Amino acid sequence: MSNHPALRAYGISKAYGGMQALRDVSLSLRSGEVVAVLGPSGSGKSTLMRCLTRLTEPDSGEIFVGARALHGARGQDLRNVRRDIGVVFQQFNLIRRRSALENVLAGRLKDAPLWRVATSHFSSQDLERAHEALAAVGLAAQCHQRADTLSGGQQQRVAIARALAQDSKVLLADEPVASLDPDTAHAVLALMANLAASKGLAVLCTLHQPQMAQAYANRVLTMKNGQLTHEGQRVPSM
Amino acid sequence: MLALRWAASSRSRDGVTLNAHTNMPAAPTRSAVARLTFCLALLAGVAFYVACLVIADISLAKLWEGLPRLASWAARAWPPDFSEFPVLAWRAAETVAMATVGVTFGAIIAAPVCLLAARNTTPSPWLQQPARWLLNVLRGIDSFVFALIFVAAVGLGPFAGVLGIAVHSAGSIAKLWSEAIETAEPGPREAATMSGAGQLKVFLYAMLPDVMPQLASILLYLWEFNVRSSTVLGIVGAGGIGQELKNSMDLLQFDRLFAILLIILAMVTVIDTLSAWLRRRLL
């Protein structure tokens, strides 16, 4: 295992028009740990998650995934680094008309030949990885069910399986449980914590409920007005 | 009314529905300006329409004079003359074939262009604008005009019609397709992008399945539309039933003309019904 942290970010800033959404945010994430980001809505949590993937381009700052720089990477380099980041979104972002298995296979697109992608005819290794990933999130039985017929909790677990099938080192989860009922939310967070421990994933997860962060995170960051205001083992007393 | 207009304009500005708190009546100065603008726009609209009536040379007197002629033709059209039915049916089949092949060729041209023209799939804004201009040119020139040019280039017959339909439809298909692609949710695309896949793979795997029913529906609509519109292509010698229509008109064979119109009507009704049924199944 490399001695680099799984994810490092230095001085990330982002402004939308005149509004400073992120100010000089730095953080570091080790393999196997779950870090929660807490903060009121509008505090910049989602912008931070988008900037860490460069789905939104930060105005400044440096991001490293393992030893590799994500900032400034273009083309093939960018795709290589992104492959190491799995993402889970509040709205799951599954391809509605595809099955759970096909959605998980979306994590294998990078190395699959174009004709296999176009015909959804994946290699047996890719299929095996996808089935494993679905089994790891407890959805082996639903593999051929269409994504838009799955429950919210199941959809989010498919999204996590997609990140697993991608063999990512880092899992970024932006409000992964905000659209789920409390029991399902706990199950999804427990699953992510479990995968962090068992597979050495580094998990960064934004949440808005302190109890949940307390229950599942090894470390808690809090954000306010686009800045990190607290970093520690525990949720700061409110 | 005033509150409605205000709400509508605010919504278009920030893209969200107003809540009860902000949905207040407009300030008086603003409403006066809005009303004046509305009146001026209405006035300009009326003036434009009157100008159109004058330019289009609308004359009820001429219609009145022409009516007896129309009536005598109508009388001579009955009963319809189906004696050449096999020929006419073949020509109708030619029209359907031209529209079908023309639209598929158009779709093949449209597929890459619509990816360049859609905001969310274009590789660069520098390609998006030229792609849109190209589509507007293709759409702006009717397949009738293209067919006229292709008849000169490849000779009389349905092939010229196919090319005319293909080139014009490519513009329409690509424009409608790119608009459908732009309505695709960004989420699945972003998730697939994070797998490290390139843009084409992301489109094919994560976007295409969700917009496919819309794309197919658009294609069916254009097929149906082209069956209807390509009945006239024969007039410029580009094949199909229009050719027979023109012959009958030139020879003042109104009973044969009536038979042709009935065949066109039957053909269009069948195609429209089939296309509508298929599109309902898709969406």
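What is the mean pLDDT of chain B, and what share of its residues reach 70 or more? In this predicted model, the mean for chain B is 85. The threshold of 70 or more is reached by 90% of its residues. Among the elements of chain B, helix α7 (residues 158-182) has the highest mean pLDDT, 93. Helix α1 (residues 2-14) of chain B has the lowest, 43. Residues 1-22 of chain B have a pLDDT below 50. Beyond near neighbours in sequence, this stretch has 13 contacts in the model. For the complex, the predictor gives an ipTM of 0.87 and a pTM of 0.78.

The interface between the two chains was examined next. On one side, 17 residues of chain B are in contact; on the other, 26 residues of chain A. Two helices of chain B, α8 (186-193) and α9 (199-229), each supply at least two residues of the side that touches chain A. The largest share of that side comes from α9(B), with 7 residues. By class, the side of chain B that touches chain A has 10 nonpolar residues, 4 polar and 3 charged.

Attention then turned to helix α10 (residues 241-250) of chain B. Its buried residues are B:Ile241, B:Gly242, B:Gln243, B:Glu244, B:Leu245 and B:Ser248. Just after α10(B), the backbone at B:Leu252 takes a positive phi of about 55°.

Note on methods
Residues are numbered from 1 along each chain as its sequence is written. Chains are lettered from A and ligands numbered from 1 in the order in which they are written. This is a predicted model: local features need pLDDT of at least 70, side-chain atom pairs count only at pLDDT 80 or more; totals for chains, interfaces and linings use all residues. pLDDT is the predictor's confidence in each residue, from 0 to 100. Helices (H or I, at least four residues) and strands (E, at least two) are DSSP runs, numbered from the N terminus. Two residues are in contact if their C-beta atoms, placed from the backbone, lie within 7 Å. Ala, Val, Leu, Ile, Met, Phe, Trp, Tyr, Cys and Pro count as nonpolar, Asp, Glu, Lys and Arg as charged, and the others, Gly among them, as polar. A residue is buried if 20 or more other C-beta atoms lie within 10 Å of its own, exposed if 12 or fewer, and partly exposed in between; C-beta atoms are placed from the backbone.
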